[in-house]
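Let's take a walk through a protein chain together. Keep the sequence and the 3D view side by side, and turn the view as you read.

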Amino acid sequence: MLKKTGIYAIVGLILVFAFLHVGFAPAQHTPRTTGTTLLGGIAFILMTCTIILSTRLAIFEDWFGGLDRMYQVHRVMGVLTALFALVHFFGVPKEVPVGMDPVVNSIVPSAPLGMLGLIFLVIGLFIALNRKIRYSWWRPTHKIMGIVYLLIVGHFFTAPEIFVEQYSASGVLLLVAAAVGVVSLFYSVFGMNRRTAIPFTIQEVNALERATEVVLKPIGKTLQFKPGQFAFVEVQGKNWNEPHPFTISSAPGDDYLRFTVKVLGDWTRKVREELKPGSKVLVRGPYGRFDAEIATNKQIWLAGGIGLTPFLSKLRAMKPGDARQVHLVYAAREVRDAIFLDELRARATELGNVTLVPLFSEEGNFARVDMMKKKLPDPLNSYEYFMCGPKPMVDGLMKDLKSEGVTRDRIHTEAFEFR
């Protein structure tokens with residue numbers, strides 16, 4: 001669930017900037033100049049925040065409710081940045097201000113830097129939001145946004161004083177934002193991947209029905225994580241040069257790290273067909289706050305298809321005597337699609353506090369709130385819900401649960417989309 005702490009921090013920062021910019025506007029500014037530079041400043045703050053979130057620091061996961069939520073906010077702020085920047089561009093006075101030498105103005109690079117930044121920003125945003133573009137193409141082109149940010153920083157630093165006083169109260173705030181943004185940009189591009197990478201070798205590649213289980217053996221230290229978290233996996237070798245996020249399906253403390261990957265596209269098909277034991281892999285993480293251990297004892301886990309993987313990790317980590325009462329509803333198309341079903345049944349029997357409810361759509365059985373209302377021993381709003389699976393299933397269940405009086409803070413979902 002998206003936490004509001006990070007949202008409040010960003011809104012607060014923008015309000016402080018707006019107060020300083022409007023409240024202490026230079027006397028020579030016209031209302032139009034103050035208003036359009038205000039929009040430009042807000043666009044710059046939003047873009048700086050997107051750069052800062054790209055560092056994936058744990059503190060921001062706490063503020064937003066996990067890396068998946070951070071990327072949702074990152075995407076929305078990117079769109080807002082472009083909108084504010086466009087209004088700023090079309091609204092800012094184009095004529096040479098009174099009192100400014102036209103020759104001097106012509107050699108100041110602020111305008112062309114801003115123009116270039118805006119053009120690349122709009123192009124980059126179009127690519128970022130276009131889901132028809134393959135991930136392998138999308139990822140390198142998205143890195144161009146770092147260059148866009150540097151162009152915008154240059155635009156701000158070289159802006160004529162008649163538009164921006166860099167050492168005014170609001171100007172100093174933007175200077176600090178620029179310094180933090182540039183450091184964050186260089187860390188995310190050059191430092192983050194190197195600092196967080198943990199090496200593994202591939203122990204097994206197991207073909208399952210419509211999925212592949214990849215078992216990794218640590219070379220040195222292993223990854224410390226909580227059940228329900230995910231990590232970025234990057235296979236080392238020619239034509240494998242892009243990391244992909246996957247939920248960890250093993251339990252913390254296991255000798256091996258396990259990922260179960262659904263075959264959805266070229267890369268995941270390649271994992272199934274070409275990945276061999278002995279290959280080297282880098283794992284970065286863990287990320288995510290899909291944590292059922294901090295919830296109340298009465299829990300409903302709703303898994304759809306490959307959305308089982310976080311619950312598989314939770315179930316593998318659970319010990320006999322666990323105080324929680326868990327109902328695990330596992331929805332799949334048919335029995336043979338229900339991966340690890342025998343293990344789930346065995347664990348439910350062993351633990352005693354887990355009720356497994358497999359549902360198969362080809363038999364006409366779906367995860368439905370009205371059925372839960374009839375079958376569960378207690379009222380729906382007395383449980384906490386954890387859901388992972390296809391978006392239509394999760395959205396539909398969430399809507400029906402809310403209509404039955406279940407509050408949003410008792411519904412936990414994983415937004416596993418990163419573009």
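Start with Phe 120, which has 35% relative accessibility and therefore counts as partly exposed. To be called buried, a residue would need a value under 20%, and to be called exposed, one over 50%. Bear in mind as you look that this is a predicted model.

Where does Phe 120 sit? You will find Phe 120 in helix H6, which runs over residues 110-129.

In an unreviewed entry, UniProt lists residues 37-59, 71-91, 111-129, 141-159 and 171-190 under "transmembrane region". Residues 111-129 are 100% helix and 0% strand, with end C-alpha atoms 27 Å apart. Residues 141-159 are 84% helix and 0% strand, and their end C-alpha atoms lie 28 Å apart.

Next, move along the chain to another annotated stretch. The unreviewed UniProt entry gives residues 192-293 the annotation "domain: FAD-binding FR-type". In the model, this stretch is 14% helix and 43% strand, and 29 Å separates its end C-alpha atoms.

Further along comes strand S7, residues 298-304, which contains Gln 299. Is Gln 299 buried or exposed? Its relative accessibility is 0%, so Gln 299 counts as buried. The side chain of Gln 299 makes a polar contact of 2.9 Å with the side chain of Trp 301. Setting aside neighbours within four places in sequence, Gln 299 is also in contact with Ala 292, Arg 324, Gln 325, Val 326, His 327, Tyr 383, Glu 384 and Phe 386.

Finally, zoom out to the whole chain. The chain has 14 helices and 11 strands, and its C-alpha trace spans about 85 × 50 × 35 Å along the principal axes. Of its 419 residues, 50% count as buried. Among contacts between residues at least 6 apart in sequence, 75% join residues at least 24 apart. The chain exposes about 20,500 Å², and carbon and sulfur atoms supply 62% of that area.

Note on methods:
Residues are numbered from 1 along each chain as its sequence is written. This is a predicted model: local features need pLDDT of at least 70, side-chain atom pairs count only at pLDDT 80 or more; totals for chains, interfaces and linings use all residues. Side-chain values use heavy atoms; hydrogens and water are left out. Helices (H or I, at least four residues) and strands (E, at least two) are DSSP runs, numbered from the N terminus. Buried means under 20% relative accessible area, exposed over 50%, partly exposed in between (1.4 Å probe, protein chains only). A polar contact is a pair of N or O atoms within 3.5 Å; within protein, one must be able to donate a hydrogen and the other to accept it, and residues adjacent in sequence count only if both atoms are side-chain atoms. Contact means heavy atoms within 4.5 Å. UniProt positions are given in the numbering used here, feature names are shortened, and annotations may be inferred rather than shown by experiment. Accessible areas come from the Shrake-Rupley method with a 1.4 Å probe; for residues, only the protein chains shown count as cover.
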